[in-house]
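Let's walk through this structure together, from the overall fold down to individual side chains. Keep the 3D view open as you read.

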Amino acid sequence: MIEIETVVSEPFGENSYIVWKRGQSQAFVIDPGFEPELILQQLHERNLQLVTIVNTHAHLDHIAGNASLKSAFPNASICIGEGEVEWLTDPTLNLSDSYGMSVTSPPADQTVKDGSLVRFADIELEVREVPGHSPGHVIYRIASVQPNIVFGGDVLFRGSVGRTDFPGGSFSQLKTHIHAKLWPMADDTVVYPGHGPVTTIGFEKRTNPYVGFEN
């Protein structure tokens with residue numbers, strides 16, 4: 001029922017996801033990166049109408065495409081965790097200044113927090129706050145399908161975790177929240193990360209050298 005198209009944006013190798021229900025025309029996009037034209041091309045080829053731009057967090061590589069997508073689809077809303085609303089419009093907070101850029105996004109139209117339930121393109125998403133990579137990072141779970149699907153941003157990668165050396169980062173905080181918020185999910189839950197290949201909760205619990213069961 002759920003279709004997911006991955007678009008990898010350089011120069012950070014960041015994964016953006018186009019998500020829609022099979023047979024329907026509305027879609028939302030998770031974390032549009034530095035090559036929004038690739039996302040727009042996919043939306044056009046699939047005759048999809050973008051209704052929401054969904055951000056897991058507001059580091060530059062995850063919000064760089066917000067403005068272009070909003071320009072192409074002015075009625076699309078922007079959704080982000082309430083802890084990083086100001087980062088969207090502040091190049092210092094979103095770290096683009098640190099990379100010699102000035103990336104800004106249109107302001108958020110909607111904010112979410114831990115426990116929020118939102119519905120975009122007729123797909124319900126559960127929100128969990130998982131700080132540590134950035135202080136206001138959230139993840140989104142689709143629990144209405146089997147296996148469940150998680151859009152995890154830069155929290156959990158295949159065999160790794162998100163960096164915690166950026167301002168506001170904390171490895172102990174990230175580890176604690178991964179154990180509290182992700183590990184209780186079913187082992188076959190599929191995690192679509194912000195970088196790299198997909199993985200599952202069970203695989204990472206057993207093998208992840210940073211936050212697995214033995215760590």
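This is a predicted model: local features need pLDDT of at least 70, side-chain atom pairs count only at pLDDT 80 or more; totals for chains, interfaces and linings use all residues.

Two strands are said to pair if DSSP finds at least two bridges between them. Strand β7 covers residues 117-120 and strand β8 residues 123-129, and the two pair in the antiparallel sense over 4 bridges. One of the residues to look for here is Arg119, whose bridge partner in β8 is Glu124. Between the strands of this hairpin there are 2 residues, and Ala121 takes a positive phi near 55°.

Now zoom out to the whole chain. It has 5 helices and 14 strands. Its radius of gyration is 16 Å, close to the 17 Å that the globule rule gives for 215 residues, so the chain is as compact as a globular protein of that length. Along the principal axes, the C-alpha atoms fill a box of roughly 45 × 40 × 30 Å. Of the 215 residues, 53% count as buried. The chain exposes about 9000 Å², and carbon and sulfur atoms supply 48% of that area. Among contacts with a separation of 6 or more, 58% come from residues 24 or more positions apart.

Next, find the open sheet, in which 6 strands follow the order β1-β2-β3-β4-β5-β6 with mixed pairing. Its edge strands are β1 (2-9) and β6 (110-112), each of which pairs on one side only. From one strand to the next, the twist averages 25°. Helix α1, residues 36-45, packs on this sheet and touches β1, β2 (14-21), β3 (26-30) and β4; the direction of α1 makes about 150° with that of β1. Within the sheet, strand β4 (residues 49-54) and strand β5 (residues 77-81) run parallel and are joined by 3 bridges.

Finally, turn to the charged side chains, where the count comes to 10 salt bridges. In one of them, Arg22 meets Glu3 at 2.7 Å, N to O. This pair links distant parts of the chain, with Arg22 in the loop between β2 and β3 and Glu3 in strand β1, 19 residues apart. Arg22 counts as exposed because its relative accessibility is 51%, whereas Glu3, at 25%, counts as partly exposed.

Lys181 and Asp114 form another salt bridge, their closest N and O atoms being 3.1 Å apart. Lys181 lies in helix α4 (residues 171-182) and Asp114 in the loop between β6 and β7, so the pair ties together parts that are 67 residues apart in sequence. Asp114 counts as partly exposed, at 35% relative accessibility.

Terms used:
Residues are numbered from 1 along each chain as its sequence is written. Side-chain values use heavy atoms; hydrogens and water are left out. Axes are lines fitted to C-alpha atoms, for helices over the stretch in contact, and angles run from 0 to 180 degrees between N-to-C directions. Contact means heavy atoms within 4.5 Å. The radius of gyration is taken over C-alpha atoms; the globule rule is 2.2 Å times the number of residues to the power 0.38. Buried means under 20% relative accessible area, exposed over 50%, partly exposed in between (1.4 Å probe, protein chains only). Accessible areas come from the Shrake-Rupley method with a 1.4 Å probe; for residues, only the protein chains shown count as cover. A salt bridge is a side-chain nitrogen of Lys or Arg within 4 Å of a carboxyl oxygen of Asp or Glu.
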